[in-house]
Amino acid sequence: MKIKSLQNSRVKHLARLHQKKYRDKHNEVLVEGEHLLEELRKTDFDFLTIGLTEDYDWEITREIAQKISQTESGSVSFALLKKPTMKEHSFSRLLLLDGVQDPGNVGTIIRTAYSFGFDAVYASQDSADAWNDKAIRASQGAVFHIPYNRTDLKDVIALLQENQVPVYATHLDAQTIEMDQLPSTPIAVVMGSEGQGVSDEVLKCVNGYFKIPMTHFESLNVAVAAGIICYYLRKG
């Protein structure tokens, strides 16, 4: 299919997918960049490819590509896909994100969790949308490979504990344990928001708190902290 007009209804639809409320309404995501398309091709997702030549499902003009791109350099290859849904699995290593609001941090954490063999990432409803373009790019496509879901963390924690998966939260409290006291598996770790940390509401639900041993500063960027934790708890 060739699309030449900027006023084409499909072009308007693609541009509106930059908005979370529109992505949620239609359950669709616009992905851009050849690297991310290559990651998509490794999955079994159904998607349409969009680009400047007839090799793509939808052939568009450079002007249309400029209109729907969100990168500074301007992408010329895209994919349109339905948002994947998390399937039921038996999880042994999980990350839970409580109010992590920067999409770059969310994407980086997803990439890190996938790289170190974690099974899934859950996020609270007030965390950034992993299908935000910045989050997708920060994940380098890892979001296509690891189950991810935004939901009520209290429900997730209760379900995990029912299935004998202990849940620990990062915290600076004096009663926290050190990382080397954590069980290796199964385990779920809660990472808190950039400014406030893990919420009191979630802290009341977990099995315990732990902290990363460090000097000079009390805390780290949440994505950096997640990287240290994922490496420590990685699958050997």
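1. Two strands are taken to pair if DSSP finds at least two bridges between them; helices (H or I, at least four residues) and strands (E, at least two) are DSSP runs, numbered from the N terminus. On that basis, tyrosine 168 stands opposite glycine 208 in strand 12. Strand 9 (residues 167–170) and strand 12 run parallel and are joined by 3 bridges.

2. The model is a predicted one, in which local features need pLDDT of at least 70 and side-chain atom pairs count only at pLDDT 80 or more, whereas totals for chains, interfaces and linings use all residues. Residues are numbered from 1 along each chain as its sequence is written, and side-chain values use heavy atoms, with hydrogens and water left out.

3. The parallel sheet is open and has 7 strands, ordered 8-7-6-11-9-12-10. Strand 8 (148–150) and strand 10 are at its edges with a single partner strand each, so one side of each is left without a neighbour in the sheet. Helix 7 (residues 153–162) packs on this sheet and touches strand 6 (93–98), strand 7, strand 9 and strand 11; contact means heavy atoms within 4.5 Å. The direction of helix 7 makes about 155° with that of strand 6, where axes are lines fitted to C-alpha atoms, for helices over the stretch in contact, and angles run from 0 to 180 degrees between N-to-C directions. Helix 9 lies across strand 6, strand 9, strand 11 and strand 12, at about 165° to strand 11.

4. An open sheet of mixed pairing contains 5 strands in the order 1-4-3-5-2. Its edge strands, strand 1 (2–3) and strand 2 (28–32), each pair on one side only. Strand 2 runs antiparallel to strand 5 (residues 77–82), with 5 bridges between them; valine 29 has leucine 81 as its bridge partner in strand 5. Helix 3 (residues 34–41) packs on the sheet, where it touches strand 2, strand 3 (47–51) and strand 5, and its direction makes about 40° with that of strand 5.

5. Two backbone details deserve a check. The peptide bond from threonine 185 to proline 186 is cis, with omega near -5°, and proline 186 is in the loop between strand 10 (177–178) and strand 11 (187–192). Asparagine 27, in the loop between helix 2 (20–26) and strand 2, has a positive phi near 60°. Most residues other than glycine have a negative phi, and most peptide bonds are trans.

6. The largest pocket has a volume of about 540 Å³. A pocket is an open set of points on a 1 Å grid over the protein atoms alone, where a 1.4 Å probe fits, with protein on both sides within 12 Å along at least five of seven lines; lining residues have an atom within 4 Å of a point. Grid points are joined across faces, edges and corners, and a volume is the space filled by probe spheres set on the points. Of the 23 lining residues, Thr170, Leu172, Glu218, Ser219 and Leu220 lie nearest the centre of the pocket. Strand 11, strand 12 (208–211) and helix 9 each give two or more residues to the lining.

7. The second largest pocket holds about 380 Å³ of space. Its lining has 17 residues, with Phe45, Pro84, Thr85, Lys87 and Phe144 nearest the centre.
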